[in-house]
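Reader: I would like a close look at one part of this protein, the disulfide and what surrounds it. Please go through it step by step and give the cut-off for each term.

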Amino acid sequence: MNRPARLVVVALTASTALLLTACGSGGGDDSSSDKIKGADAGGEKTSASPSAPASQDTTGRPKITLSKDFQANFEGWTNSDPKLQAILNDGREELRSKYAAIIESNPDSDAVAFYNSGTSLASAREWIKSFTDTDDGLIGKVTVYNPQVHINDSGSGVLFYCVDERKASTKNRKTGKVTTTPDKPESVLQYRARLDKTTQGVWKNVSLTTAAGGCN
């Protein structure tokens, strides 16, 4: 979260950049080529959904727990189509798995590998490692909202969503130093993911890009 802007296109001060390190950016096909109507403008809002997942199912999905000091609130994370809801569910857990890995200082998290593959997994681990290398954890909260989802002609899932990081911070485990996120439009990111369904029925991220300020 307070990582230098080495992974993001926009220029931010190293001491204040939060998750604007383009979490898992690049790698694979750019999912942004699969346009979703209303993704930039906000689209329709639906009712809030719980931030915690349902209990584990028969696919062996890992149980992901965040610390009491950090919350990821998912709003409107529902869809009337069961197929699209399945993408939303796995997309939500993919993001939560990375937050948990940072908090646990574990870039080799099995949960992250469960929800990512190929270059998406490599870039996710690199992003997590940028926190663990400096012994930083996460505190505060992020709000994840306005999910836009569809299945494209090739059968891949396309998921756009917004992440507001302005109430989240990093905290150094050794020094206790807290670095807050700047209250700027760039601290609200649009995530653009492409997901492929495994034979076990899990939707895994195969590519992810982020756009700072993309939801404003």
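Author: Cys162 and Cys215 are both buried, where buried means under 20% relative accessible area, exposed over 50% and partly exposed in between, with a 1.4 Å probe and protein chains only. The two form a disulfide, with their sulfur atoms 2.0 Å apart; the term stands for a pair of cysteine sulfur atoms within 2.5 Å. By this rule there is one disulfide. The torsion about the S-S bond of Cys162 and Cys215 is about -95°, so the disulfide is left-handed. It links distant parts of the chain, as Cys162 is in strand β3 and Cys215 in the segment after β7, 53 residues apart. Helices (H or I, at least four residues) and strands (E, at least two) are DSSP runs numbered from the N terminus.

The model is predicted: local features need pLDDT of at least 70 and side-chain atom pairs count only at pLDDT 80 or more, while totals for chains, interfaces and linings use all residues. Residues are numbered from 1 along each chain as its sequence is written, and side-chain values use heavy atoms, with hydrogens and water left out.

Next comes Tyr161. Not counting residues up to four places away in sequence, Tyr161 touches Cys215, and the list also includes Trp77, Leu95, Val144 and Tyr191; contact means heavy atoms within 4.5 Å. Tyr161 also forms one aromatic cluster with Phe74, Trp77 and Tyr191. Rings of Phe, Tyr and Trp (its six-membered ring) pair if their centres lie within 6.5 Å; planes under 30 degrees apart count as stacked, over 60 as edge-to-face and the rest as tilted.

Tyr161 is also among the residues with the most contacts inside the largest nonpolar core, which has 39 residues. Such a core is a set of buried Ala, Val, Leu, Ile, Met, Phe, Trp, Tyr and Cys residues joined through side-chain atoms within 4.5 Å. The elements that each supply at least two residues of this core include β3, β6 (188-197) and β7 (203-212). Helix α1 gives the most, with eight residues. In soluble globular proteins, nonpolar side chains tend to be buried together.

Phe70 and Tyr99 are also among the core residues with the most contacts. By the ring rule there are six aromatic pairs. One of them is Phe70 with Tyr99, edge-to-face at 5.1 Å centre to centre and 70° between the planes. Phe70 lies in strand β1 and Tyr99 in helix α1, so the pair ties together parts that are 29 residues apart in sequence. Phe70 is buried at a relative accessible area of 2%, and Tyr99 at 0%.
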